[in-house]
Amino acid sequence: MRALLLISTNFARDQLWPLFFLLLWVVGWALFGFLSDPRTAGADALLIFKQLVAYTIAFSVFFGSSAIRADQRSRRILGVLSKAVSRTQYLGGLLAGIALVIGVFCWCLGFTATWVLGRFGFSVAEIWLGMLALLTACLLTASLTLFFATFLPPVFSAIGTGLLAGIPAMREGSFTFILPIYTLVSPILAGEAQNPWRANFHVLGMAWIEIVVLLLAASWIFSRRDLAVATE
Amino acid sequence: MPVVLQYESVNKFYRSWWGRRTAIALQEFSLSVQAGEIFGFLGPNGAGKSTAIHVALGFTRPNSGTGSMLGHRFGHVGTRRRVGFLAENVALYDRPAAAAIRFYGGLNGLPSPALSQAVREVLQSVDLQAEAHRKVGQFSRGMLQRMGLAQALVNDPELLILDEPTSALDPAGRVAVRELLLRARERGKTIFLSSHLLSEVELVCDKVAMLSRGRVVRTGRLRDLLEASNQVEIVCRNIPSTLFPAITVDGKLLRLALPKEQGRRAIEMIWAAGGEIVSVNPSRRSLEDVFLELTAPAASIAGKVNSA
């Protein structure tokens with residue numbers, strides 16, 4: 001557990017700049033909400049919020065696809081895995097690190113949304129349920145990307161994630177419970193002040209189970225892969 | 001002495017993406033390292049030294065063969081808590097030195113109070129205590145190498161696996177590392193040392209194994225290896241230099257190298273000629289001579305490849 005915690009906080013420390021840039025968007029959005037007229041700018045504020053939701057998903061693909069490769073190319077992975085750390089703990093640490101970064105972002109986004117969207121009539125409870133759905137969707141995306149990244153280069157793992165996450169989006173209704181990234185995020189993207197999103201707790205629960213399954217599958221594959229090709 | 005590291009007929013080859021065999025790294029590789037010794041692991045570039053180390057630590061899976069480290073199969077997670085590893089090219093996270101060592105010590109499960117003490121001690125032992133709050137990214141290559149050693153030592157390991165530990169160090173740094181290794185041996189630690197610096201190996205190692213194209217071509221005690229030539233060297237004086245055809249003059253001394261079985265006859269001839277024997281010693285070759293002799297085929301092939 002301690003190793004997992006150390007790897008996750010270590011990963012999060014390396015992502016401070018991407019997190020900073022993501023948070024700049026939130027600050028910009030907060031300024032927009034502060035300076036605009038609540039009677040006329042509601043739709044624009046909601047549009048920016050939805051953009052931020054989409055960016056968060058994209059960033060979780062970025063984090064998941066590059067995490068292993070960055071450590072492997074720099075050979076820092078040898079320093080970590082030469083200690084009493086299993087590959088499952090290592091991957092779990094990376095996923096927990098992504099959860100930490102995305103969690104901080106979702107908290108800041110939720111906090112800002114409570115104030116900005118609250119001015120346009122959104123309920124606070126719905127906003128925070130939306131943040132929980134977004135965090136879950138991001139973690140599912142990241143675990144899918146990590147799974148691909150155990151045997152594919154980053155670009156291909158990102159493409160693989162895009163394809164698998166995109167199929168349920170194209171066949172809406174058919175794959176509600178299989179990789180429900182779109183199912184979790186689409187209500188937020190379609191939400192309106194008069195017609196707010198509803199959290200589907202069954203889908204949410206299923207997504208968490210799939211995160212664990214993907215992590216175990218990724219560990220199984222990763223533990224059978226050579227970490228380093230001879231440098232001589 | 002118990003065996004702490006053992007390879008049994010390990011084979012490892014690398015395949016391309018399409019499954020074609022591209023390189024053979026280890027062939028029927030067998031080796032035993034006993035507790036409490038400094039074991040030198042030598043071989044030219046591409047001989048498979050790093051691959052053998054990676055197999056022991058579980059970074060790479062062998063295609064066939066088995067082995068054990070500290071009594072457990074290769075790759076056993078818990079065993080790595082008792083092992084310190086320094087990779088050939090040290091790569092660490094860009095944190096302040098003390099925080100980086102804390103991180104690596106923490107991964108091995110060292111409890112917090114003991115960890116703080118261990119971090120201070122290892123930074124002192126590699127002479128980096130003054131740089132404890134400086135970021136690793138600002139370190140020179142030699143300092144990074146010492147940081148690598150510090151992270152390997154932080155959990156006070158029973159077995160130290162060092163891949164080229166002195167390659168980036170200046171002479172003073174090398175002496176310090178040599179003393180550190182000798183101190184570790186005095187405390188009963190086992191050190192598996194892969195190095196190109198034969199002079200370093202000659203100074204610290206008890207046993208060596210030489211690797212060529214993935215196979216162990218010679219293993220044994222360093223002393224035996226260097227004395228393995230069947231020759232003796234006789235140093236004498238006060239005889240005419242024409243007494244023996246292959247004699248070399250070194251000031252007032254005359255040196256004579258000849259096969260062991262002819263030694264007694266030569267000594268009698270010197271005495272008979274009124275000469276004085278100064279010393280009779282088994283001829284010693286340098287480790288470099290032995291290394292070049294045993295790895296020559298691989299080196300000549302590499303030469304041909306390079307010149308092509």
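Predicted model: local features only at pLDDT ≥ 70, side-chain atom pairs only at ≥ 80, totals over all residues.

Colleague: Fine. What is B:Arg81 in contact with, leaving aside its neighbours within four places in sequence?
Modeller: Four residues come up: A:Ala84, B:Asn108, B:Gly109 and B:Asn155.

Colleague: Why is B:Arg81 classed as partly exposed?
Modeller: Because 18 other C-beta atoms lie within 10 Å of its own. Buried would take 20 or more, and exposed 12 or fewer.

Colleague: And how far is B:Arg81 from B:Gln151?
Modeller: Their C-alpha atoms are separated by 12 Å. Along the chain the two are 70 residues apart.

Colleague: Switching to the contact between the chains. How many residues does it take from chain B and from chain A?
Modeller: Chain B puts in 31 residues, and chain A puts in 23.

Colleague: Which helices of chain B each supply at least two residues there?
Modeller: Helix H1 (49-57) and helix H2 (97-107). H1(B) gives the most to that side, with five residues.

Colleague: What's the make-up by class on the side of chain B that touches chain A?
Modeller: There are 14 nonpolar, 12 polar and five charged residues.

Colleague: Last topic. Which domains does the assignment give for chain B?
Modeller: Domain 1 (3-225) and domain 2 (229-282). Their centres, taken over C-alpha atoms, are 45 Å apart.

Conventions
Residues numbered from 1 in each chain as written. Chains lettered and ligands numbered in written order. Contact = placed C-beta atoms within 7 Å. Helix = DSSP H or I, 4+ residues; strand = E, 2+ residues; numbered from the N terminus. Nonpolar A, V, L, I, M, F, W, Y, C, P; charged D, E, K, R; others polar. Domains from an automatic or database assignment.
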